[in-house]
Amino acid sequence: MNHTNKLNDGKKVGILGGTFNPIHSGHINIARSALNECKLDEIWFVPNGCPPHKSIDDKVSAISRFKMVSKTIANEDKFYINDIELSSIEYNYTHVTLKKLHEQFPNNKFYFIMGEDSLKSFDTWKKPELICQYASIIVAVRSNNNDLSKVIADYARKFNGEFILLNCNYIDVSSTELRNNIKSKGLSNLSSIEENTTKYINEHMLYEENDNSSFDSVEDIKDELSKILKPKRYNHTLGVMDTAINLGMRYDIPLYLCQYSGLLHDCAKSYSKEELINFCEEKNIEITDSEYKAPHLLHCKVGAYMAKNDFSINDDRIINAILYHTTGRPNMSLLEQIVFVADYIEPNRSKANRLNEIRAMAYYNIDIATAMILQDTISYLKDIDAFIDDKTIKTYEYYCDLIKGID
Ligand code: DGI
Ligand code: FE
Ligand code: FE
């Protein structure tokens with residue numbers, strides 16, 4: 001992660017604050033122009049925290065916005081992320097943030113970047129003279145105009161500050177409009193959103209309306225499962241549901257998706273091997289060679305079928321989380337990974353080796369936890385001489401490769 005640290009002391013640094021909800025090409029354009037035109041060494045993106053008594057958009061947490069910005073700029077050489085506003089529980093006034101940055105990096109020269117619209121209200125900000133003391137102000141404008149030059153000259157005198165006009169093709173993208181567009185049309189046609197941002201938004205399902213109105217209720221499903229599953233299996237199911245919800249909190253995944261996936265992942269577990277095969281043959285569900293060799297694997301396919309048809313789950317993300325919960329698959333969605341890991345670590349489990357290690361790792365880095373689970377599962381299957389599905393091996397190899405790249 002391009003996280004700023006003390007080693008960055010002694011540089012010309014542009015500060016770009018904002019809610020970044022979401023981050024878009026308007027932000028990136030301003031950052032690039034400021035870097036190049038004002039000959040800065042670095043741009044630090046400073047996402048706002050969650051102000052007291054006020055939620056920016058309750059559905060997208062400050063941490064999630066921070067991570068979205070971080071992923072978006074990860075491949076940019078001179079763009080960094082700074083969590084100074086995220087780690088404060090007070091309202092983040094710009095003059096306070098700049099003072100703190102100044103104290104942490106006394107040898108840096110800071111440039112606070114703002115759009116021309118913000119400039120017009122600058123004299124209503126808290127302590128503009130302190131802002132000017134700790135930073136020069138870069139004002140991104142679409143085109144030079146005399147009005148603005150006059151405002152700037154007035155402010156410069158009044159607050160004893162340095163104001164720099166930055167002409168850039170600064171497009172005033174509205175985040176509110178973007179959020180609404182994402183909700184109504186999806187992300188595919190939004191040219192103002194970077195590819196890595198799109199990936200993050202999709203992966204975490206940000207800005208989506210949660211629609212589970214057609215699903216059977218959680219209570220009804222629990223009632224039914226308590227009848228069709230043995231008590232131990234039913235308890236395991238509740239454990240996976242709760243653990244998946246916890247992981248959903250940790251990794252910013254809508255909790256209802258974790259809840260339904262966890263609750264239903266083993267709904268076909270009461271079927272015997274023969275019953276699973278018969279069920280699939282009857283419903284024309286394809287059985288692979290591996291599944292004929294290890295028919296218990298079919299509880300995933302049958303479970304997915306039951307979730308759809310018996311519990312009205314018409315959401316493919318949940319169906320896939322059920323489908324891949326035993327073998328996993330390369331490049332799982334975060335939801336799939338959450339159910340895969342929750343299944344292994346839920347509190348009723350006690351037999352596996354390294355359970356404590358894997359439980360702790362699950363909340364630190366889910367990719368490493370996934371690789372550890374697969375490593376232990378494969379080793380266990382080899383010990384008992386069981387047939388190993390190619391998918392299990394492929395998934396293991398995929399996550400081993402993935403975690404090799406972690407810095
Ligand atoms: O249904 P659960 O017991 O809660 O958990 P699960 O669906 O992950 O199934 C776990 C069992 O499946 C465990 O004993 C390991 C086994 N398993 C995982 N991958 C493979 C496998 N068994 C075979 N034969 N082949 C595999 O590739
Ligand atoms: Fe299972
Ligand atoms: Fe399970």
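Helix α9 (residues 218-228) supplies the largest share of the negative patch, three residues. Helices here are DSSP runs of H or I with at least four residues, strands are E runs of at least two, and both are numbered from the N terminus. The patch itself sits on the surface and gathers D220, D223, E224 and D310. To join a patch, a residue needs over 30% relative accessible area and no salt bridge, and like charges are linked within 9 Å. A salt bridge would be a Lys or Arg side-chain nitrogen within 4 Å of an Asp or Glu carboxyl oxygen. D223, in helix α9, counts as partly exposed at 45% relative accessibility. Buried means under 20% relative accessible area, exposed over 50%, and partly exposed in between, using a 1.4 Å probe and protein chains only.

This is a predicted model, where local features need pLDDT of at least 70, side-chain atom pairs need 80 or more, and totals for chains, interfaces and linings use all residues. Residues are numbered from 1 along each chain, chains are lettered from A and ligands numbered from 1 as written, and side-chain values use heavy atoms, without hydrogens or water.

Now the metals.

| Ion | Donors | Distance | Spacing |
|---|---|---|---|
| iron ion (ligand 3) | H236 (NE2), H265 (NE2), D266 (OD), D343 (OD) | 2.2 Å | H-x28-H-D-x76-D |
| iron ion (ligand 2) | D266 (OD), H299 (NE2), H325 (NE2) | 2.1 to 2.2 Å | D-x32-H-x25-H |

Donors are N, O and S atoms within 2.8 Å of the metal (3.2 Å for Na, K and Ca); water is not among the atoms, so sites may look incomplete.

D266 bridges the iron ion (ligand 2) and the iron ion (ligand 3), which lie 3.5 Å apart. D266 lies in the loop between α11 and α12 and H325 in the loop between α15 (316-323) and α16, so this pair ties together parts 59 residues apart in sequence. Both D266 and H325 are buried.

H265 is buried at 0% relative accessibility, and D343 is buried at 9%.

On to the backbone. N21 and P22 are joined by a cis peptide bond, with omega about 0 degrees. P22 lies in the loop between β1 (12-18) and α1 (25-37), and F20 is found in the loop between β1 and α1. F20 has a positive phi, near 50 degrees, and is buried at 1%. M205, in the loop between α8 (195-204) and α9, has a phi near 55 degrees and is buried at 8%.

How values were computed:
Patches are made of residues with over 30% relative accessible area and no salt bridge: like charges are joined within 9 Å, nonpolar side chains (Val, Leu, Ile, Met, Phe, Trp, Tyr) within 5 Å. Accessible areas come from the Shrake-Rupley method with a 1.4 Å probe; for residues, only the protein chains shown count as cover. Lys and Arg count as positive and Asp and Glu as negative; His and the chain ends are not counted. The place of a charge is taken as NZ of Lys, CZ of Arg, CG of Asp or CD of Glu.
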